[in-house]
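The following note comments on the model shown here. Please read each point with the structure open.

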Amino acid sequence: MKVRFWGVRGSIPAPGPDTNRYGGNTSCVSVTTATGHLIILDMGTGLMHLGNHLLATEFGKGGGAATILLSHAHWDHIQGLGFFAPVFIPGNRFELRGHGRSSSMLEGILEGQMNPNFSPLYTLKNLGAAFDVHAIVPGEPFTAGGVRVTAQPNPHGTTTALAFRLEEGAASFVYASDVGYGPDGPTPAVRALYRGADALLHDTTYTPADQARRQSRGFSSYEQAADAAIAAGAKRLIAFHYDQDYSDADVDALTAACRAYLDTHGGRAIELIPAAEGLELTL
Ligand SMILES: [Zn+2]
């Protein structure tokens with residue numbers, strides 16, 4: 001699996017001179033499988049840049065197919081959809097899988113952002129490409145391009161966000177953005193989802209002090225992310241979904257503090273990788 005980051009910011013895009021190095025776009029990660037299938041994790045504003053990149057491939061000619069995994073439908077995870085160029089090209093096919101009591105309910109939520117009060121697109125039916133929406137049943141695995149995908153919900157403020165485990169051969173990648181654990185930490189099902197991951201991408205929105213001040217927002221501190229990675233025996237921890245007010249220097253400091261925390265809490269062997277736009281990893 002090749003993992004690439006197109007948007008690593010939380011909550012709202014934060015472009016500008018202070019965020020150039022890590023990037024200001026909101027959540028979007030692509031995974032290219034061994035068979036060349038494309039899996040897209042979340043549709044934040046980074047999706048626009050992935051789309052422009054894809055125009056040089058079969059997606060530019062209407063011959064592309066991809067799976068989109070949606071953790072939840074907050075703005076910073078869906079706002080790229082209306083600016084994702086391949087979705088307007090007839091012949092392309094997208095299968096979106098996400099959280100919802102039913103597929104029609106999930107489709108209705110996505111349809112909501114196309115309402116003429118919010119967007120000139122009016123409806124998902126105007127996208128051009130085939131765009132099929134399916135609700136995920138937590139814990140029930142499915143395959144996408146030869147990759148086995150399992151999802152489990154995490155608490156996220158007043159709602160929940162799905163965490164995804166992707167397995168291809170012996171390689172495993174877990175995507176766990178937007179996580180606000182209760183006092184007992186991850187549920188047993190989520191612990192099992194994280195276990196032994198080659199790479200655990202985890203919400204590191206805040207420093208511990210900021211997290212304590214804004215607990216109701218449902219995000220993690222770097223300490224909570226590190227604890228999850230240590231408990232899971234993950235090989236790598238990928239820091240992700242930085243607060244919109246954090247500059248590149250703030251993220252540098254957060255990463256250094258997370259490294260120190262890992263080193264002093266049993267996670268010395270865990271490689272810490274701060275996600276940044278354009279960064280690519282092979283698992
Ligand atoms: Zn978010």
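1. Two residues are in contact if their C-beta atoms, placed from the backbone, lie within 7 Å. In this predicted model, and leaving aside residues up to four places away in sequence, L200 touches V174, A176, Y194, A228, A229, A232, A234, R236, L237 and I238.

2. Is helix α5 mostly covered or uncovered? Helix α5 is mostly covered, since 8 of its 11 residues are buried. The buried residues are Y222, Q224, A225, A226, D227, A228, A229 and A232. Their cover includes α3 (188-194), β11 (199-203), β12 (236-240) and α6 (248-264). Just after α5, G233 adopts a positive phi of about 70 degrees.

3. Attention may now turn to the sheet. Its 7 strands follow the order β6-β5-β4-β3-β2-β1-β14, and the sheet is open with mixed pairing. β6 (130-135) and β14 (280-282) are the edge strands, each pairing on one side only. From one strand to the next, the twist averages 20 degrees.

4. Strand β5 (residues 93-98) pairs with β6 in the parallel sense over 6 bridges. A135 in β6 is the bridge partner of G98. Helix α2 (residues 103-112) packs on the sheet and touches β5 and β6, its direction making about 125 degrees with that of β6.

5. Helix α1 (residues 46-54) lies across β1 (2-7), β2 (28-32) and β3 (38-41). Helix α1 runs at about 125 degrees to β1.

How values were computed:
Residues are numbered from 1 along each chain as its sequence is written. This is a predicted model: local features need pLDDT of at least 70, side-chain atom pairs count only at pLDDT 80 or more; totals for chains, interfaces and linings use all residues. A residue is buried if 20 or more other C-beta atoms lie within 10 Å of its own, exposed if 12 or fewer, and partly exposed in between; C-beta atoms are placed from the backbone. Helices (H or I, at least four residues) and strands (E, at least two) are DSSP runs, numbered from the N terminus. Two strands pair if DSSP finds at least two bridges between them. Axes are lines fitted to C-alpha atoms, for helices over the stretch in contact, and angles run from 0 to 180 degrees between N-to-C directions.
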